[in-house]
Amino acid sequence: MSACVGEVVGEYCTHQCYYVMDFQYGHTTSHLYPALNSTNTFAIISVSSNGTAYKLNSERYGASSQQENVSESLLTQPSRHLGLNNGLIVGRSSFQDDQLYVFDRQCPNCFNDNHRANYPLRFKDALNVECTSCQRVYGLLNGGVVVSGDNGEKLFRYHASYVGTVFKVQNPQ
């Protein structure tokens with residue numbers, strides 16, 4: 001996935017993004033794996049690189065951050081950036097028939113107001129994320145709408161699928 005610049009149409013981002021991770025090589029201990037396989041469990045993920053190796057950085061609320069080595073073969077199109085602020089929020093909602101959600105970690109309202117991707121969201125609790133800049137809280141179970149703070153746009157969302165061992169984030173071109 002590359003750093004994304006685009007717009008939101010409906011509830012989905014139109015950014016030209018692509019990310020694939022294949023868990024068949026034993027990366028089931030990641031915080032991402034439970035987020036993909038259980039309801040009401042969300043994880044924040046990003047990818048970092050030291051130039052020769054990639055690391056999957058993931059965290060869940062109440063769980064310490066974790067880094068796992070990820071080979072380039074696991075990442076079909078490896079990049080240092082996932083979304084506008086190098087982060088995705090991934091999980092399934094029991095309120096929406098076990099639907100898989102992938103949100104951008106960037107606060108959409110601060111991005112729209114300032115046109116900069118300097119406003120990463122963090123977990124407030126297991127099912128909500130917050131922006132420390134504008135103080136908005138977004139609900140993860142209900143599609144990323146603002147649940148506390150000033151009214152505003154809901155979280156940027158990406159098309160995603162998880163079939164077998166393959167997790168894909170992709171937007172139509």
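**Strands, cysteines and rings**

Guide: Strand S7 (residues 88–93) and S8 run antiparallel and are joined by six bridges. The model is predicted, so local features need pLDDT of at least 70 and side-chain atom pairs count only at pLDDT 80 or more, while totals for chains, interfaces and linings use all residues. Residues are numbered from 1 along each chain as its sequence is written, and side-chain values use heavy atoms, with hydrogens and water left out.

Visitor: What counts as a strand, and when do two strands pair?

Guide: Strands (E, at least two residues) and helices (H or I, at least four) are DSSP runs, numbered from the N terminus. Two strands pair if DSSP finds at least two bridges between them. Here Leu-88 stands opposite Asp-104 in S8.

Visitor: How many residues lie between S7 and S8 in the hairpin?

Guide: Five residues separate the two strands of the hairpin, and Asp-97 in the turn has a positive phi of about 55 degrees.

Visitor: Which strand does S8 pair with over two bridges?

Guide: That partner is strand S13 (residues 157–158), again in the antiparallel sense. Phe-103 stands opposite Arg-157 in S13.

Visitor: Is S8 (residues 99–104) largely enclosed or open?

Guide: Burial is read from relative accessible area: under 20% is buried, over 50% exposed, and in between partly exposed (1.4 Å probe, protein chains only). In S8, five of the six residues are buried, so the strand is largely enclosed by the rest of the structure. Among the buried residues are Tyr-101, at 3%, and Phe-103, at 0%.

Visitor: How is a pair of aromatic rings described?

Guide: By the distance of the centres and the angle of the planes. Rings of Phe, Tyr and Trp (its six-membered ring) pair if their centres lie within 6.5 Å; planes under 30 degrees apart count as stacked, over 60 as edge-to-face and the rest as tilted. The whole structure holds two aromatic pairs. Tyr-101 and Phe-103 are stacked, because their centres are 5.2 Å apart and their planes at 15 degrees. Phe-111 and Phe-156 are edge-to-face, with 6.1 Å between centres and 85 degrees between planes. Phe-111 lies in helix H2 (residues 108–114) and Phe-156 in the loop between strand S12 (146–148) and S13, so this pair ties together parts 45 residues apart in sequence. Both Phe-111 and Phe-156 are buried.

Visitor: How many disulfides does a search of the whole structure find?

Guide: A disulfide is a pair of cysteine sulfur atoms within 2.5 Å, and the search finds zero. For Cys-107, the nearest cysteine sulfur is that of Cys-134, 3.7 Å away. Cys-107 is buried, at 0% relative accessibility.
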